Amino acid sequence: MTGFFKSVREDIAAVFESDPAARSYLEVLLCYPGLHAVWGHHINSWLWRHDLRFLARFGSQVVRLLTGIEIHPAAQIGRRLFIDHGMGAVIGETAIVGDDVTMYQGVTLGGTGKEKGKRHPTVGNGVIIGSGAKLLGNITVGDNCRIGGGSVVLRNVPENSTVVGVPGHIVLRNGKRVIITDPKEIRDPLSDVIIKLASEMHELREKFQKHSHEALGAEPDLSIDEENQSAQDKIVPEELFIEDYQI
């Protein structure tokens, strides 16, 4: 029982530390659905661990109805989780959330299909996840990372990194800006299509030059001057990717 009250005090302290809008203990106790969802999960998790799984699932749905936040009772939640606003937040069955994590509304820690076993993210300590971010699959997000709002994270993220974009890519690591020079680092399907189109256009240009010279009875000149070649090589990185990001 002492541990329970200690956890309650820590959760309330985490709200005051993370949310400057919190003004009083009464306000925090009555008006913070993220806090209610975490406390409800403590009860449902206990039921789940003691094989009362229907009651645990039913309890999680009651909490979802009251708070708009769905946390599967089997999810492993660390200490001092703060879910700010929280409406639409979802934490899946095999998700693991570390200590001192902050999540905003619309965040999903979800899976990517019907695979069995560990299929939800593992989130380290001190992570901040912005509104509407989606962390999908059995990935690991390291300690002290920041996930930008609306990002879709499908790959592991090393600690002390900032991730933005769809799909998510690292723009800061250990306080230093990460400049993307290779579009393949992002693995954006649209970028792959554009790269393929640029390559095909280059091949068509060579064929056109060859046939033009053959029609004129001259030797084909397939050489491309260095300036044009340089522009061809740089078309994707320079035209499609921005080096400066704002979080």
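Colleague: Is Leu135 buried or exposed in this model?
Modeller: Leu135 is buried because its relative accessibility is 0%. The term buried means a relative accessible area under 20%, exposed means over 50%, and partly exposed lies in between, with a 1.4 Å probe and protein chains only.

Colleague: What kind of model is this, and how are its residues numbered?
Modeller: This is a predicted model, in which local features need pLDDT of at least 70 and side-chain atom pairs count only at pLDDT 80 or more, while totals for chains, interfaces and linings use all residues. Residues are numbered from 1 along each chain as its sequence is written, and side-chain values use heavy atoms, with hydrogens and water left out.

Colleague: Where does Leu135 sit, and which residues does Leu135 touch?
Modeller: Leu135 belongs to strand β10, residues 134-136. Strands (E, at least two residues) and helices (H or I, at least four residues) are DSSP runs, numbered from the N terminus. Not counting residues up to four places away in sequence, Leu135 touches Thr108, Leu109, Gly110, Pro121, Val123, Ile129, Val141, Ile147 and Val153. Contact here means heavy atoms within 4.5 Å.

Colleague: Ile129 is on that list. Is Ile129 buried or exposed?
Modeller: Ile129 counts as buried, because its relative accessibility is 0%. Ile129 is in strand β9, residues 128-129. Beyond four places in sequence, the residues touched by Ile129 include Met103, Tyr104, Val107, Leu109, Val123, Leu135 and Ile147.

Colleague: And Lys134, buried or partly exposed?
Modeller: Lys134, which is also in strand β10, is partly exposed, with a relative accessible area of 28%. A polar atom of the Lys134 side chain lies 2.8 Å from the backbone oxygen of Gly106.

Colleague: Let us change topic. What side-chain polar contact does Thr94 make?
Modeller: The side chain of Thr94 makes a polar contact with the side chain of His120 at 2.7 Å. A polar contact is a pair of N or O atoms within 3.5 Å; within protein, one must be able to donate a hydrogen and the other to accept it, and residues adjacent in sequence count only if both atoms are side-chain atoms. Thr94 lies in the loop between β4 (90-91) and β5 (96-97), and Thr94 is buried at 18% relative accessible area.

Colleague: How long is helix α3?
Modeller: Helix α3 (residues 33-49) has 17 residues and reaches 24 Å from its first C-alpha to its last, close to the 24 Å expected at 1.5 Å a residue. The expected span is 1.5 Å times one less than the number of residues. The buried residues of α3 include Leu35, Val38, Trp39, His41 and Trp48. After α3 comes Asp51, with a positive phi near 65 degrees.

Colleague: How do α3 and α4 pack?
Modeller: Helix α3 and helix α4 (residues 53-67) pack at an angle of about 175 degrees, with their axes 8 Å apart. Therefore α3 is roughly antiparallel to α4. Axes are lines fitted to C-alpha atoms, for helices over the stretch in contact, and angles run from 0 to 180 degrees between N-to-C directions. Angles under 35 degrees count as roughly parallel, over 145 as roughly antiparallel, 65 to 115 as roughly perpendicular and the rest as oblique.

Colleague: Which residues meet there?
Modeller: Among them are Ala37, Gly40, Asn44, Leu47 and Trp48 in α3, and Leu55, Ala56, Gly59, Ser60 and Val63 in α4.

Colleague: Where is His72, and what does its side chain approach?
Modeller: His72 lies in the loop between β1 (70-71) and β2 (76-77). A polar atom of its side chain is 3.0 Å from the backbone nitrogen of Ala74. At 12% relative accessibility, His72 counts as buried, and the residues in contact with His72 include His41 and Trp48.

Colleague: Which peptide bond is cis?
Modeller: The bond from Val166 to Pro167 is cis, with omega near -5 degrees. Pro167 is in the loop between β14 (161-164) and β15 (169-173).

Colleague: Finally, how many helices and strands does the protein have?
Modeller: The protein has six helices and 16 strands. Of its 247 residues, 38% count as buried.
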